[in-house]
Amino acid sequence: MLAINFRRFLAEITDTNVGQPPPSTPFWEGSVFLQIEPSMAFQFGLPILLVREANTDTNTGIWAAGIAPLITFIVWDSENQSVEEFFSSIQWREAYTNWSAEVRNGY
């Protein structure tokens, strides 16, 4: 399973009816479906490679930090790195190679 979580919604909490309001710093959220599909792949024991755009879903579910060593997790800083630079980076090539080897060996 390869999943990429792009920035989708810029959210800002202005008020809450439970306790103190959290800081009003805006944050990015991705698609809710990107919680479901990788979680289902995890349940089936499939090798998972997650790529998250920086500052997107930083503390939400499977995107918070991954479940090491079962999930390979990479953060793409889209503000400072182009797509071409990301796919030619050592971080991407190493993670993709390791994930590909898991897929080939187990499935």
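Student: Which side chain does Arg7 meet in a salt bridge at 3.9 Å, N to O?
Tutor: In this model, which is a predicted one, the side chain of Arg7 meets that of Glu53 in a salt bridge, with 3.9 Å from N to O. The pair links distant parts of the chain, since Arg7 sits in the loop between S1 and strand S2 (9-11) while Glu53 belongs to strand S4, 46 residues apart.

Student: And is Glu53 buried or exposed?
Tutor: Glu53 is buried, its relative accessible area being 10%.

Student: What else does Arg7 form a salt bridge with?
Tutor: Arg7 also forms a salt bridge with Glu79, where the closest N and O atoms are 3.1 Å apart. Here too distant parts of the chain are linked, with Glu79 placed in the loop between S5 and H2, 72 residues from Arg7 in the loop between S1 and S2. Glu79 counts as exposed because its relative accessibility is 57%, and Arg7, Glu53 and Glu79 are linked in a network of salt bridges.

Student: How many salt bridges does that make for the count?
Tutor: The count comes to two salt bridges.

Student: What about Ser78, where is its place?
Tutor: Ser78 is in the loop between strand S5 (71-76) and helix H2 (83-87), and it counts as partly exposed, at 22% relative accessibility. Leaving aside neighbours within four places in sequence, Ser78 is in contact with Arg7 and Glu53, the two residues whose side chains meet in the 3.9 Å salt bridge.

Student: How many residues apart in sequence are Ser78 and Phe6?
Tutor: They are 72 residues apart in sequence, and in space their C-alpha atoms are 9.5 Å apart.

Student: Let's move to S1. Is Asn5 buried or exposed?
Tutor: Asn5, found in strand S1, counts as buried, because its relative accessibility is 0%. If residues up to four places away in sequence are not counted, Asn5 touches a list of residues that includes Gly30, Ser31 and Leu34, as well as Val51, Arg52 and Glu53, and also Thr56, Asp57 and Trp63.

Student: Leu34 is in that list, so which residues of H1 are buried?
Tutor: The buried residues of H1 are Leu34, Gln35, Pro38 and Ala41. They lie on the same side of H1, because they cover an arc of only 140 degrees around its axis.

Student: What do they pack against?
Tutor: The buried residues of H1 pack against strand S1 (2-5) and strand S4 (48-53). On the other side of H1, Phe33 and Gln43 are exposed, and just after the helix Gly45 takes a positive phi of about 75 degrees.

Student: Which residues form the nonpolar patch on the surface?
Tutor: Val32, Phe33, Ile36, Met40, Phe44 and Leu46 form that patch, and together they have about 630 Å² of accessible area. Among them, Ile36 lies in helix H1, which runs over residues 33-43, and Ile36 counts as partly exposed because its relative accessibility is 41%.

Student: Now H3, what should its 17 residues span?
Tutor: At 1.5 Å a residue, the 17 residues of helix H3 (residues 90-106) should span 24 Å, and this agrees with its end C-alpha atoms, which are 24 Å apart.

Student: Which of its residues are buried?
Tutor: In H3 the buried residues are Trp92, Ala95, Trp99 and Ser100. Seen down the axis of H3, they fall within an arc of 130 degrees, so they line one face of the helix. In general, an α-helix has 3.6 residues a turn, so residues three or four places apart point the same way. Ile90, Arg104 and Asn105 are exposed on the other side of H3.

Student: Zooming out, how many helices and strands are there in the chain?
Tutor: The chain has three helices and five strands, and read along the sequence they follow the pattern β-β-β-α-β-β-α-α. Along its principal axes the C-alpha trace spans about 50 × 35 × 20 Å.

Student: What share of the chain's residues count as buried?
Tutor: Of the 107 residues, 29% count as buried, while the chain exposes about 7100 Å², of which carbon and sulfur atoms supply 57%. As for contacts between residues at least 6 apart in sequence, 52% join residues at least 24 apart.

Key:
Residues numbered from 1 in each chain as written. Predicted model: local features only at pLDDT ≥ 70, side-chain atom pairs only at ≥ 80, totals over all residues. Heavy atoms only, no water. Patch = residues over 30% accessible without salt bridge, like charges linked within 9 Å, V, L, I, M, F, W, Y side chains within 5 Å. Areas by Shrake-Rupley, 256 points an atom, 1.4 Å probe, with all protein chains shown as cover. Salt bridge = Lys/Arg side-chain N within 4 Å of Asp/Glu carboxyl O. Helix = DSSP H or I, 4+ residues; strand = E, 2+ residues; numbered from the N terminus. Buried < 20%, exposed > 50% of the residue type's maximum accessible area, 1.4 Å probe, protein only. Arc of directions from axis to C-beta. Contact = heavy atoms within 4.5 Å. Expected span 1.5 Å × (residues − 1).
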